[in-house]
Amino acid sequence: MTFLRISWKIIVGLKDLLVLLLLLLFFALLFALLSASPNPGMVREGALWLKLDGVVSEQPAEVDPLTALTSTAMPVSEIRQRDIIRSLKIAESDKRIKAVVLDMDRFMGGGQASLSAIGDSLDAVKKAGKPVYAFATAYTDDSYQLAAHATQVWMDPLGGAMLTGPGGSQPYYKGLLDQLGIKANIYRVGTFKSAVEPYMRSDQSPESKEAIKGVYDEIWGQWKADVAKARPQAQINGILNDPAGSVEGARGNLAQLAVSSKLVDKLGDRIAFGKFIATKVGPDEKKTTGGFAATPMNTLLASYGPPSAGKQIGVVTIAGTIVDGEAGPGTAAGDTISGLIYDAIDNKDLQALVVRVDSPGGSVTASEKIRLAIEAAKAKEIPVIVSMANLAASGGYWVSLPADVIFAEPSTITGSIGIFGVIPSAQAGLAKIGVNADGVKTTPLSGEPDVLGGFSPEFDRVAQSAIENGYREFITRVATARKKTPEQVDAIAQGRVWAGGTARQIGLVDRYGGMDDALAEAAKRAGLKADGWHAVYIEPQPSFAGSLLGGLMSKRASVAAPMDVFAQAAWQQQLFVQRVAADLDMLTGVKGVQARCLECADFTPPTTPKADGGWLSVLAKLFA
């Protein structure tokens, strides 16, 4: 009995300790959330401070509590693109804002279409007579695309500009899978549907190289044109064409090379930069060293609140991978997004619908659910306009088909019209360790797909035939929507990706333009005056736990973000590990038929990892 009493006391004590720890965690997260909440009354006369710690995204993903607390990979902070653009629009006319400070010391990138839109907004601020100042320790392609629009560009003396252009090596797993005795059973349609090539080849196919190089050349040409227009004095060709010679000529001093090439105007650390800004907009209230009078973006936005005048134009965002079921922000779950659309079109105040797409696609069934919901809006004679952001490929193009008009940016990645399915089996690997398969069948498909004994020819024929039918369905939908014949669509489909410029020429999209153009077109088709409407964003709300963790984890992530060129290189290594983990998840995860552009990962910034990105988890997933 004494032993039982002691054991019971230990259990009760551990329970009380666990409750206490959970309470402490709750209050710590609550404090972090409240601390991060903007105060509308704190708008000060001075600069608009755009502290871009993380990546620019269309719809920041919800932080998964379990992943955040258990993963060794730090989540990447995400800054909503439309918040940046709206704050810059406000800065144009708000007399309290004297300048814009673009702080990109821990900036980790964004899609090229998003960055171009922000660059245009920076130009508008300068046109309104307000200077823009940029600072970073190191500039990459993405951060320099924004910095080029600044009135004056600063760099830390220990930093540099590392401009590389798109492209590079991608992992291929066929040799490894062969050694492990794992077979990726692949069913696909499309000469250019290279999404599954890493599982079936040891190198990139000529067709895939042709398609991807064409897109690279187009968007890289647009990047160079954007930078040249924004900062014509920048001498980037020498650095791009002969980087090693340029660096050696500067005796390895990357910062001086950036100055001599007129990529930057001034060298100085953060304190020197802050003192300079203080001479333009005034010191901060406490007159701290290197401080200056400034209002953060979220505080400025909170002081204005959301627009509410006039009629409603609904905006539904399809951001991230399209998946079945329900999910929070940053993932385009079929049930969630279609439910939001149905609810929105039942709102009698809704005058038009704009669908903002930034997705590489995903589940065919989820894509079709979303497409049908958008079709339902058209059936109610509600104008539907699609605005493509950085990505609207494969399933992302599928959901765009019902639109009255499709807008895209020249650097939007779209197309990839094709589908595939992949299921692994491990008969050879199991045989190596003495596991064999045998049994009795009552029909040719009994026990199929047989992951132990290998798939039968009958199952392969059934699966491939189903995929081919799905492809015909896809191109038929495209043909109907774009007023083409299936043969015409097939000629530009076959899984090939296209940049927005070419996509318009071949009829996959209707017009060039961004979100403002799509909203204006929606208002016009709804018969609304220019000042007689406002956008209502119809989005899934993050969970309470996700909101609490979001504020806390974003602070941790910003501290871990890379700053100098060597940290950027190390970060690329971590991204490679995450890419491998994502590829293996595609192979081993439970997924149906996919209309997905996996090669589009080359054109997207890093996002919050859904699982631990360490090598141990990668190997564990592979051997599982």
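**Around glycine 268**

Author: Glycine 268 sits in the loop that links strand S8 (266-267) to helix H12 (270-281), where helices (H or I, at least four residues) and strands (E, at least two) are DSSP runs numbered from the N terminus. This is a predicted model, in which local features need pLDDT of at least 70 and side-chain atom pairs count only at pLDDT 80 or more, while totals for chains, interfaces and linings use all residues. Residues are numbered from 1 along each chain as its sequence is written, and side-chain values use heavy atoms, with hydrogens and water left out.

Reader: Is glycine 268 buried or exposed?
Author: Glycine 268 counts as buried because its relative accessibility is 5%; buried means under 20% relative accessible area, exposed over 50%, and partly exposed in between, with a 1.4 Å probe and protein chains only.

Reader: Which residues does glycine 268 touch?
Author: Leaving out residues up to four places away in sequence, glycine 268 touches Phe135, Trp154, Met155, Asp156 and Pro157, contact meaning heavy atoms within 4.5 Å. The C-alpha atoms of glycine 268 and leucine 158 are separated by 9.0 Å, although the two residues are 110 residues apart along the chain.

Reader: Switching to the whole chain, how many helices and strands are there?
Author: The chain has 24 helices and 22 strands, and 50% of its 624 residues count as buried.

Reader: And what about contacts between residues at least 24 apart?
Author: Among contacts in the chain between residues at least 6 apart in sequence, 78% join residues at least 24 apart.
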